[in-house]
Amino acid sequence: MAGPYLRRLEDDEAVEVLKDIHEGDCGNHTGGISLCSKALRTGYYWPTMKNDAFLHTQRCDACQRHSNILHQPAELLHPIISPWPFMKWGMNIVYTLPKAPGGKVLMLAMTYYFSK
């Protein structure tokens, strides 16, 4: 897939382009990866554009004030170990479903933890 020819920008031009894409009339305060991709799609390039886009979004006051706040501390993931299929099962009972034929309103959901 061929894209447009990219115009290489100098440092001062790059800052203006990032500011215009991020905060301009059609700007939507996207994150660093999206900002870098949008600059590439617009037809601009400079060697440090990915790092500059991340730094620009980190310095944006509006992005920092309105970004999602993580309320949970970082924690390592714990894998579920199941040495053979169908050794470990999970079971949930779902209530208040619309009445099915025979007047049934419950559902039993079963999951086995080998491949889910």
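Predicted model: local features only at pLDDT ≥ 70, side-chain atom pairs only at ≥ 80, totals over all residues.

Guide: Let us begin with Glu13, which is partly exposed because its relative accessible area is 29%, a value between the limits of 20% for buried and 50% for exposed. The side chain of Glu13 meets that of Arg7 in a salt bridge, with an N to O distance of 3.1 Å. Arg7, at 46% relative accessibility, also counts as partly exposed.

A second salt bridge joins the side chains of Glu10 and Arg8, at 3.6 Å from N to O. Glu10 is partly exposed, with a relative accessible area of 48%, and the value of 48% places Arg8 in the partly exposed class as well. A search of the whole structure finds three salt bridges. One of these links Arg65 with Asp61, where the closest N and O atoms are 2.8 Å apart. Both of these residues belong to helix 4, which covers residues 61-66, and they are spaced four residues apart, about one turn of the helix. Arg65 is classed as exposed because its relative accessible area of 60% is over the 50% cut-off. Asp61, by contrast, is partly exposed, at 46%.

Acidic residues also occur in another setting. Asp11, Asp12, Glu16, Asp20 and Asp25 form a negative surface patch. Of these, Asp11 lies in helix 1, which comprises residues 11-23. Asp11 is exposed, since its relative accessible area is 60% and the class begins over 50%.

The largest nonpolar core has eleven residues: Leu9, Ala14, Val17, Leu18, Ile21, Leu35, Cys36, Ala39, Trp46, Met49 and Ala53. Two or more of its residues come from each of helix 1, helix 2 (32-42) and helix 3 (49-59). Helix 1 makes the greatest contribution to this core, with four residues. In soluble globular proteins, nonpolar side chains tend to be buried together.

The loop between helix 1 and helix 2 contains His29. The phi angle of His29 is near 50°, a positive value in a residue other than glycine. Most residues other than glycine have a negative phi. His29 counts as partly exposed because its relative accessibility is 36%.

Phe86, Trp89, Met91, Ile93, Tyr95, Val105, Leu106, Leu108 and Met110 make a nonpolar surface patch of about 960 Å². At least two residues of the nonpolar patch are supplied by each of strand 3 (89-94) and strand 4 (107-112). Strand 3 gives the most to it, with three residues. Ile93, one of the patch residues, has its place in strand 3. With a relative accessible area of 48%, Ile93 is partly exposed and therefore passes the patch requirement of over 30%.

How values were computed. Residues numbered from 1 in each chain as written. Heavy atoms only, no water. Patch = residues over 30% accessible without salt bridge, like charges linked within 9 Å, V, L, I, M, F, W, Y side chains within 5 Å. Areas by Shrake-Rupley, 256 points an atom, 1.4 Å probe, with all protein chains shown as cover. Salt bridge = Lys/Arg side-chain N within 4 Å of Asp/Glu carboxyl O. Lys, Arg positive; Asp, Glu negative; His and termini not counted. Charge placed at Lys NZ, Arg CZ, Asp CG, Glu CD. Buried < 20%, exposed > 50% of the residue type's maximum accessible area, 1.4 Å probe, protein only. Core = buried A, V, L, I, M, F, W, Y, C linked by side-chain atoms within 4.5 Å.
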